[in-house]
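This report describes how the parts of one protein chain are arranged.

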Amino acid sequence: MQIKSANVLITGGASGIGKIMGRMALEKGAKALIIWDMNQEALDYTAAELSSRGRVCTYKVDITNSNLVAQTYQQVKQTLGTIDILINCAGIVRGNQTFDKQTLTDIRLTMEVNTIAPMVITQLILPDMLRHNRGHICNIASAGGMLANPKMSVYGASKWAMIGWSDSVRIELQQMDTDVHVTTIAPYYINTGMFNGVHSSIFPILKPEPTAAKIIRAIERNQTFRGIPFGFHFIRFWQAILPFRVFDWLFGTVFGIYHTMDHFTGRK
């Protein structure tokens, strides 16, 4: 998918890798960068920072409010036209409690932001992409959606659901023989502040800049799936061939992944 001359919409694009990807899209000649985010201060700051690189349009949007999402998309269409590239990047994690200590409020909010909202937004935008027979949807999931991990069960559930939905839509579009594509991204922890306090002894926590660049390249190449780092592509292979006890020992004890959330604090 060519980014040059494209309208690019990024949810959660006022901070973290969303903001970096927005900057990269402008550097590649995007017609307009549209950012949806909850943080008005961050939106204003990002717009001021990036506007010298191209057209930046910001909207304060609670993506869990389906009516507001629909109204905002209509505003975007009236102002800028339809969306060529949608990057569902907004996401939350609500602490590191075991499941028995999770609240119903946190469970619902996590699923609404990480899973339901991307579905709602995509369902609004996809018909226009199909009508033009052009477009790309990139869904930022997580390696936590491929590998069960203690103290992030609800977050993991939201990302497992996102991966299953995203890849199913990809196959549907292939069967339609359309030039609309889907890329599913499953990164390890990224050092953006969202996962402050996470300790990873074997696998390095990802740096935001190169991670954002890999996602942008995946969109440009119409890749169907991109695990970051690349070795995470093989998680399902190891799950298929190893007994659960051996798999848990390897990833939980040897690699230490099952203890990465023990000292999680998150973004304050």
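In which sense do strand 2 and strand 3 pair, and over how many bridges? Strand 2 (residues 32–37) pairs with strand 3 in the parallel sense, and five bridges connect them. The model is a predicted one.

| Strand pair | Sense | Bridges | Example of partners |
|---|---|---|---|
| Strand 1 and strand 2 | parallel | five | leucine 9 and isoleucine 34 |
| Strand 2 and strand 3 | parallel | five | leucine 33 and valine 56 |

## Two covered strands

In a regular strand, the side chains alternate between the two faces of the sheet. Strand 2 can be read in this way. On one side are Ala32, Ile34 and Trp36, on the other Leu33, Ile35 and Asp37, and all of these residues are buried. Strand 2 is thus described as mostly covered, with six of its six residues buried.

Strand 5 may be examined likewise. Gly135, Ile137 and Asn139 lie on one side, while His136, Cys138 and Ile140 lie on the other, and all are buried. Because six of the six residues of strand 5 are buried, this strand is largely enclosed by the rest of the structure.

Is isoleucine 35 buried or exposed? Isoleucine 35 is found in strand 2. Its relative accessibility is 1%, so it counts as buried, the cut-off being under 20%. Leaving aside residues up to four places away in sequence, isoleucine 35 touches Ile10, Gly13, Ala14, Leu43, Thr46, Val56, Cys57, Thr58 and Tyr59. Isoleucine 35 and valine 61 are 26 residues apart along the chain, and their C-alpha atoms are separated by 9.2 Å.

## Helices 4 and 5

Two packed helices are described by the angle between their axes and the distance between the axes. For helix 4 (residues 104–132) and helix 5 (residues 153–175), the angle is about 15° and the axes are 8 Å apart. Angles under 35 degrees count as roughly parallel, and helix 4 and helix 5 are therefore roughly parallel to each other. The crossing in which helix 4 passes helix 5 is right-handed.

Which residues form this contact? Helix 4 contributes Ile107, Thr110, Met111, Asn114, Thr115, Pro118, Met119, Thr122, Leu126 and Leu130. From helix 5 come Val154, Tyr155, Ala157, Ser158, Lys159, Ala161, Met162, Trp165 and Leu173. By type, the residues of this contact divide into 13 nonpolar, five polar and one charged.

## Backbone features in the loops

Although asparagine 133 is not a glycine, it has a positive phi of about 55°. This residue is partly exposed, with a relative accessible area of 39%.

Lysine 151 is placed in the loop between strand 5 and helix 5. Lysine 151 also has a positive phi, of about 70°, although it is not a glycine. At 29% relative accessibility, lysine 151 counts as partly exposed.

A further backbone feature concerns a proline. The peptide bond that leads from isoleucine 228 to proline 229 is cis, with omega near 0°. Proline 229 lies in the loop between strand 7 and helix 7 (235–241).

Key
Residues numbered from 1 in each chain as written. Predicted model: local features only at pLDDT ≥ 70, side-chain atom pairs only at ≥ 80, totals over all residues. Heavy atoms only, no water. Axes fitted to C-alpha atoms, helices over the stretch in contact; angles between N-to-C directions. Helix = DSSP H or I, 4+ residues; strand = E, 2+ residues; numbered from the N terminus. Parallel < 35°, antiparallel > 145°, perpendicular 65-115°, else oblique. Left-handed = near helix turned anticlockwise from the far one by under 90°. Contact = heavy atoms within 4.5 Å. Nonpolar A, V, L, I, M, F, W, Y, C, P; charged D, E, K, R; others polar. Pairing = 2+ DSSP bridges. Buried < 20%, exposed > 50% of the residue type's maximum accessible area, 1.4 Å probe, protein only.
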